[in-house]
Amino acid sequence: MPTSLSARLSAELAGLRESGLLIHPRVLDAANRARTRVDGREVVNLASNNYLGFADHPVLKAKAAAYLEEWGAGAGAVRTIAGTLRIHEDFEEQLAEFKHTGSALVLQSGFTTNQGVLGTLLKEGDLVVSDELNHASIIDGLRLTKATKKVYRHADPDDLERLLRENDTDGLKLVVTDGVFSMDGDVAPLDRLVEVARRYGAVTYVDDAHGSGVLGEAGRGTVHHFGMAEAEDVLQVGTLSKAWGVVGGYAAGHADLKQLMLNRARPYLFSTAQPPAVVGALSAALELVQSDPSFMERLWDNTRFFKSELARLGFDTMGSETPITPVIFGEAEAAFEASRRLFAEGIFAVGLGFPTVPRGKARIRNIVTAEHTRDDLEQALAAYARVGRALGTIS
Ligand code: PMP
């Protein structure tokens, strides 16, 4: 007898339940803002990736509505058949100009961008060396290639060098790193990584999902932050779904990259182009961040304030350098309990345990945004102080 679908589903779910990994996402009853309603409760939201507060911003919504009206609800086809609208091309040019790169291409999500670019660029005989904490979409993207894969210790240029030395090849060599690491909030030591990569003739590939709109002048990203934007041996990919407030992924960094992806990247060839409203909102996001520096100023003011106050209370924030602010609780159950207690106090912040983060490093990951007011953050800090004392995390 073959396995029935019901048997498969219930066995898998039971396994997840037993290991405490079954996810029940909370549901937002209103737009994703710094203060919102979650599961019927008014909360301060520290769980989003909405760094600049663009997800529900009126300027983005107005341009989305204008593009919706003029260009329709859907793109109507994949990019390579009949789905490339003038607004797609214009937005890619706008993005390339913003990034100071020869070209930029836009895909449906950051996830598919990593799959599309890594899956297309790398071939048998190539070498890819990837940071051990890189995002799941990089790991999945690398599964699509026949390149030799090696993993270096997190943010460790010496270990990267060892692997490049031990695995020499005449093929393409690619060093892959997140720009900002999504769980710890640390910034990749890009200057040192690129220096090592160049010594071995390797290209560096930066997934800047959490650095775009956060680091560099006007949020141009981690590569800009390190002054390497013009380099054709540093590729930048990232999402349009976090700081930019909407959805999508981009790749930029070499003038010919877009042309090759257009011909080969499977999400480009076989999945429908972004809808016009999305393109409109994204175009407005890039205009807004450049015309109004106060978004980034507020993001960083809030980040500094929240981190220093948490440290003053005695919490361990793992030396995070960005708006991603982990608060360590140790075991997973403690982090989940802290998250439940914070929620009861009107603070929405998600607990993360193994396997998302290492054992013993379970945490709540807080993300500060430009939209939070000082009152929002003070309310969160007061709740953290009470919950941290009640659970014995701080004294
Ligand atoms: N890369 C990194 C480092 C991410 O954190 C994420 C988002 N979870 C992605 C890629 C995927 O981006 P998207 O949500 O746009 O698919």
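The chain divides into domain 1, residues 22-54 + 293-390, and domain 2, residues 58-291. Those bounds come from an automatic or database domain assignment. What you see is a predicted model: local features need pLDDT of at least 70, side-chain atom pairs count only at pLDDT 80 or more, and totals for chains, interfaces and linings use all residues. Residues are numbered from 1 along each chain as its sequence is written.

I start with how the domains meet. The C-alpha centres of domain 1 and domain 2 are 27 Å apart. Their contact takes 21 residues from domain 1 and 18 residues from domain 2. Here, two residues are in contact if their C-beta atoms, placed from the backbone, lie within 7 Å. On the domain 1 side, the elements giving two or more residues are helix H13 (294-313) and strand E10. A word on those labels: helices (H or I, at least four residues) and strands (E, at least two) are DSSP runs, numbered from the N terminus. By class, the domain 1 side has 12 nonpolar, seven polar and two charged residues. Nonpolar covers Ala, Val, Leu, Ile, Met, Phe, Trp, Tyr, Cys and Pro; charged covers Asp, Glu, Lys and Arg; the others, Gly among them, are polar.

Next, the sheet that contains E10. In what order do the three strands of this open sheet lie? The order is E10-E13-E12, and the pairing is antiparallel. Two strands pair if DSSP finds at least two bridges between them. E10 and E12 are the edge strands, each pairing on one side only. On average, neighbouring strands of the sheet are turned by 30 degrees against each other, direction ignored.

Why is E13 (residues 362-367) described as largely enclosed by the rest of the structure? Because six of its six residues are buried. Buried means that 20 or more other C-beta atoms lie within 10 Å of the residue's own; exposed means 12 or fewer, and partly exposed is in between, with C-beta atoms placed from the backbone. In a regular strand the side chains alternate between the two faces of the sheet. In E13 both faces are covered: Ala362, Ile364 and Asn366 are buried on one side, and Arg363, Arg365 and Ile367 on the other.

Helix H14 (residues 332-344) lies across E10, E12 and E13, running at about 40 degrees to E13. Angles run from 0 to 180 degrees between N-to-C directions, and axes are lines fitted to C-alpha atoms, for helices over the stretch in contact.

The loop between E12 and E13 holds proline 355. A cis peptide bond joins phenylalanine 354 to this proline, with omega about 10 degrees.

Helix H2 (residues 58-71) packs against helix H12 (residues 276-291) at an angle of about 145 degrees, with the axes 7 Å apart. Residues of H2 in this contact include Val59, Leu60 and Trp71, and those of H12 include Pro276, Gly280 and Leu288. The residues of this contact divide into 14 nonpolar, two polar and two charged.

Last, some single residues in loops. Alanine 155 sits in the loop between strand E5 (148-152) and helix H7 (157-166). Its phi is positive, about 55 degrees, although alanine 155 is not a glycine. Is alanine 155 buried or exposed? With 21 C-beta neighbours inside 10 Å, alanine 155 counts as buried.

Methionine 318, in the loop between H13 and E10, also has a positive phi, near 55 degrees, and is a residue other than glycine. Methionine 318 has 17 C-beta neighbours inside 10 Å, so it counts as partly exposed.

Glutamate 232 is in the loop between helix H9 (222-225) and strand E8 (234-239). It has 13 C-beta neighbours inside 10 Å and therefore counts as partly exposed. Which residues does glutamate 232 contact, leaving aside its neighbours within four places in sequence? They are Gly253 and His254. The C-alpha atoms of glutamate 232 and valine 203 are separated by 8.5 Å, and the two residues are 29 residues apart along the chain.
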